[in-house]
Amino acid sequence: RPKDDLKQPPGPWAWPIIGNLHLLGTLPHRSLQSLAKSYGPVLSVRLGQVPAVVISSPEAAEPFLKTHDIVFASRPKTQASEILSYGSKGMAFSEYGPYWRNMRKLCTLQLFSASKVDMFGPLRREELGQLVKSIKESAAAREAVDLTEKVELLVEDTMYKMIFGCNRDSRFDLKGLIHETLELVGAFNIADFVSFLAPLDIQGFTRRLRKMSKELDEILETIIREHEDAQQGGQNKGHKDFVDILLSCMDAYDDPHDFVIDRTNIKAILLDMLGGSLDTSAAVVLWAFPELLRNPRVMKKLQHELENQVGTSKMVEEADLPRLSYLDMVIKETMRLYPVAPFLVPRECREDITINGYYIKKNTRIMVNAWSIGRDPKIWSHNVESFYPERFLDSNMDYRGHNFQFLPFGSGRRGCPGIQLGLTTVKLILAQLVHCFNWKLPEGMSPDKLDMTETFGLSMPRANHLLTIPSCRLPIN
Ligand code: HEM
């Protein structure tokens, strides 16, 4: 049969140039959830000239993420990844092939191994200690804390030290730049979908991407140069940060017939690390927190677990985390309702394939609507909108995407390699804040009126800052 006669997944009628782009709105995960209700869990849409399939159920996701994972293990080339990642020279946005495989192997071994995550434990502890100290001062003064600001800065400081080996540099606003980067990488950029409109830069994205890329490149160049100077000067910092590790890989992987890593690769990988670690971990804590304020029962139960398992005479440590099973359920429930990446990171189909009777063309973009799967009453029962961590009690659902109803870190070959680092960071921060302090909302604000709106990008942070008043719980210094 000619390919055009083969059955495509159902979807709305598409306009000639824009296709269905106009249907996405400002919160595409919600718009595409509504469309999937009419057309089904394997939905065809046309984004300008680019065919896309949106997956909205666990049964529909399994063949894409497991059975045929290798066919969908590529990423689409986009203007953002080309401009920001020096022509897709990092890992997160590069196409599937030997280059990505080598890069992923290198990063998994050198940056994400359990021993590397453990190596930076004392650093996380120190940074969190500083935060607790500053919140204690606010508690003594009975003043409200901007928790969004505090948690974002804490994550930035910790990751900054781990990646660059030094204190956050007041010369640069890296957090602001990464925030904007994720917004643009996640945005639907007309230039990616209607190629002849690209030169017009209607949304102004190309201009913003070039400006950001230049600023980020200058920062990374400065930091790498400072590391090279320190190495040449024979300075010994005690332990290696990510830049040192990657610079040493430059010599180790210098085989022209095999896999070479150069300065541009290092910069692109560092950007992946910053993009992967800053907004993601902070967003989970900042979605969990207001849910705890809105659900005092859950807050109390979590504090109770911490009292029982950790006691009141010491702070929570990373070694305590495996025993904190209710904390684990609270984090899972947060990630179900507020997946950090509502569409994961987009995939691209590498060859023509037929799945469950539907023909999917090579280069089709695949978007898994993890947000919609997390809010489907058929999967999670009628109380799907309630924050109810106990739903994970006695379930075998893990974080690695083996169960396709819960995909916080994606799944398969392209699943998140930073999962252990991300989870340790998120659990430690939330546990510490809840263990050390009681929290209430400022005068006149009631928990059920808390603003829970989201913004859309590659990650999905809260739209507004969270202000809360702490009071000390523990009799420790
Ligand atoms: C709570 C924290 C985090 C969450 C929720 C998260 C979530 C995700 C998701 C959903 C994906 C896409 C997976 C897919 O396509 O199947 C991803 C990919 C990725 N993440 Fe994370 N992530 C987190 C933390 C981190 C950290 C700390 C790093 C690095 C320091 C990181 C680095 C990456 C990279 C490099 C990729 C791309 C992998 C590839 O394309 O091969 N992530 N992450």
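This is a predicted model: local features need pLDDT of at least 70, side-chain atom pairs count only at pLDDT 80 or more; totals for chains, interfaces and linings use all residues.
Helix α12 (263-294) hands over seven residues to the shell around the ligand, the largest share. In total, 26 residues surround the ligand, where a residue counts as near if its C-beta atom, placed from the backbone, lies within 6 Å. Gly 276, Gly 410, Cys 416, Gly 418 and Gly 422 are the closest. Numbering runs from 1 along each chain as its sequence is written.

Now for Cys 416. An unreviewed UniProt entry annotates Cys 416 as "binding site"; such annotations, given in the numbering used here and with shortened feature names, may be inferred rather than shown by experiment. Cys 416 sits in the loop between α16 (377-380) and α17 (419-436). Because Cys 416 has 24 C-beta neighbours inside 10 Å, it counts as buried (20 or more other C-beta atoms within 10 Å; exposed means 12 or fewer, partly exposed is in between, with C-beta atoms placed from the backbone). Leaving aside residues up to four places away in sequence, Cys 416 touches Phe 409, Gly 410 and Gly 422, contact meaning C-beta atoms, placed from the backbone, within 7 Å.

Zooming out, the protein has 17 helices and nine strands. Of its 477 residues, 43% count as buried.

Terms used. Helices (H or I, at least four residues) and strands (E, at least two) are DSSP runs, numbered from the N terminus. Two residues are in contact if their C-beta atoms, placed from the backbone, lie within 7 Å.
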